[in-house]
Amino acid sequence: MDFSLNDEQKMMIDTVRRFIAEELKPLEDEIEDQGFLAKEKAQVVHEKAKALGLYGMNMPAELGGGGLSNLDRILCEEQFGHTTDILIRRAFGNVYEPLLHCKGEQVERWLKPAIEGARTCAITITESGAGSDAAGIKTHAKKTTIDGKDGWVLNGSKHFISDGEWSDFFLVSARTDNAAGEKEISMFMVDKGLPGFTVGKDQKMMGIRGTPHLELFFDNVPLEAVTLLGAEGQGFKLAMGALNVVRLAQVGARAVGKASHVCELMVDYANERKQFGQKIGDFQMIQQMLADSVIEINAARWMVYHAAWMLDQGMDAREQIAMVKVQAAETLGRVVDRAVQIFGGMGFCKELPIERYYRDARIYRIFDGTSEIHRSVIAKMVMKKGAALFDVNR
Ligand SMILES: Cc1cc2nc3c(=O)[nH]c(=O)nc-3n(C[C@H](O)[C@H](O)[C@H](O)COP(=O)(O)OP(=O)(O)OC[C@H]3O[C@@H](n4cnc5c(N)ncnc54)[C@H](O)[C@@H]3O)c2cc1C
């Protein structure tokens, strides 16, 4: 067992960390105040990050991506946690793994432009009536003929779609009928601007300001046959399988990074702030909050690294990732809550970013599967597998 990072990994972490500190951090307050990231600024950070090879690092090198292993990707994603969602998306890209199922013509039309950053993609599963129950969607696609060629017609709606405004195309989960007339779920790549495809309102959120979350409506949207991603009826499996690593990276690793960032600020403040003639970091109750935060961050971090290592070994890490999702998201929640407490009134005041981190952290327990859903998955597995789930020797 070797827990050390090699020189290349350290250099990569350092490059990402410096880029965030120098190029992204200075934009955060403006985004928070205005509620959006200006297009010209997004273009600048995108170009600078791309020039450094920091865009689409999770994608295969032969397709123009960074070709990082899962562990290396996680090390970068942990650093991404030090900045805000919309800046991560524009600087480093959000090229979703399901796109790797593109074949033939699809590679040139959707996959490569996404990796190059020429086209942005969002993932759309959730509907107003189907959240945790992602298989309960109503959006459906029916086979049809368009200009004499095989195709589909799409009807339904989605909501809470992150980055919808910036996206050029969408991975849309939809019900389809198989030959036996049974309902299945398939995945389609749907370009913005197709007839019948309209974008609804931006659903304002408690945190992660700057990232738009949109409603989408599909009213008899004609889709070419080539828009079907993967095999017919395999959309749910495809999305859930590929999104496992997304959950580990974008929720697990980023939550650890965010909690670490906040913890550093807590320690600095505990050293600086004086009350009753001494620094507040000398009070045992403050020390306990710091100690608990450090313990929990370290536990979550090693769970994230271990799950990434498992993926790199070709192992099935679904259960570990479910555990990581809960552990990392809830650690972040506890750490930011303690941060507000340690900062006192300044933790609640908008002059410092602590209250923003508190608001931004809340969603981590909800998206990519709520804590309750992951706990029930874990509980079912532990009932089935017993000690194999918590003892490496079994
Ligand atoms: C900021 C933000 C960004 C998002 N981005 C995207 C996106 O880009 N694409 C996308 O497709 N979706 C996105 N979502 C949707 C997100 O994934 C869902 O909100 C999430 O899956 C929860 O679904 P829900 O909100 O419908 O809650 P519900 O499923 O209605 O859950 C409500 C409550 O019931 C609990 N619950 C539900 N079922 C069970 C059960 N079986 N056992 C125990 N408790 C249960 C939940 O844990 C929760 O506490 C986003 C949401 C937000 C808020």
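This report describes a predicted model, moving from its domains to its helices, its nonpolar core and the surroundings of its ligand.

## Domains and their contact

The domain assignment of the protein gives three ranges, namely domain 1 (7–98 + 105–116), domain 2 (121–235) and domain 3 (237–389). Taken over C-alpha atoms, the centres of domain 1 and domain 2 are separated by 25 Å. Where these two domains touch, the contact takes 17 residues from domain 1 and 13 residues from domain 2.

On the side of domain 1 that touches domain 2, helix 1, helix 4 and helix 5 (105–116) each supply at least two residues, and helix 5 gives the most, with four residues. Sorted by class, this side of domain 1 has nine nonpolar, four polar and four charged residues.

Helix 3 (residues 70–80) is mostly covered, since 10 of its 11 residues are buried. The buried residues of helix 3 include Ile74, Leu75, Cys76 and Phe80, and among them are also Asp72, Arg73, Glu77 and Glu78. What covers the buried residues of helix 3 includes helix 1 (7–34), helix 4 (85–92), helix 6 (235–272) and helix 7 (284–312).

Helix 4 is likewise mostly covered, with eight of its eight residues buried; these are Asp85, Ile86, Leu87, Ile88, Arg89, Arg90, Ala91 and Phe92. The cover over the buried residues of helix 4 includes helix 1, helix 2 (39–51) and helix 3, while helix 4 in turn is listed in the cover of helix 3. Just after helix 4, glycine 93 takes a positive phi of about 85°.

## The largest nonpolar core

In soluble globular proteins, nonpolar side chains tend to be buried together. In this model the largest nonpolar core has 101 residues, and those with the most contacts inside it are Phe188, Val190, Leu248 and Val304. The largest share of this core, 16 residues, comes from helix 6.

Leaving aside residues up to four places away in sequence, valine 304 touches Ile74, Leu248, Gly252, Ala253, Val256, Val324 and Ala328.

## Isoleucine 286 in helix 7

Isoleucine 286 is found in helix 7, one of the helices that cover the buried residues of helix 3. Isoleucine 286 counts as buried because 20 other C-beta atoms lie within 10 Å, and the cut-off for a buried residue is 20 or more.

Not counting residues up to four places away in sequence, isoleucine 286 touches Ala270, Ile280, Gly281 and Ile342. Glycine 56, by contrast, is 230 residues apart from isoleucine 286 along the chain, and the C-alpha atoms of the two are separated by 40 Å.

## The shell around the ligand

There are 19 residues around the ligand, of which Thr126, Gly131, Ser132, Thr370 and Glu372 come nearest. By class, the shell that they belong to has 10 nonpolar, eight polar and one charged residues.

Strand 1 (121–124), strand 3 (149–162) and helix 11 (371–385) each supply at least two residues of this shell. In terms of domains, the shell around the ligand draws at least three residues from each of domain 2 (121–235) and domain 3 (237–389).

Key
Residues are numbered from 1 along each chain as its sequence is written. This is a predicted model: local features need pLDDT of at least 70, side-chain atom pairs count only at pLDDT 80 or more; totals for chains, interfaces and linings use all residues. A residue is buried if 20 or more other C-beta atoms lie within 10 Å of its own, exposed if 12 or fewer, and partly exposed in between; C-beta atoms are placed from the backbone. Two residues are in contact if their C-beta atoms, placed from the backbone, lie within 7 Å. A residue is near a molecule or strand if its C-beta atom, placed from the backbone, lies within 6 Å of it. Ala, Val, Leu, Ile, Met, Phe, Trp, Tyr, Cys and Pro count as nonpolar, Asp, Glu, Lys and Arg as charged, and the others, Gly among them, as polar. Domain bounds come from an automatic or database domain assignment. A nonpolar core is a set of buried Ala, Val, Leu, Ile, Met, Phe, Trp, Tyr and Cys residues joined through C-beta atoms within 7 Å.
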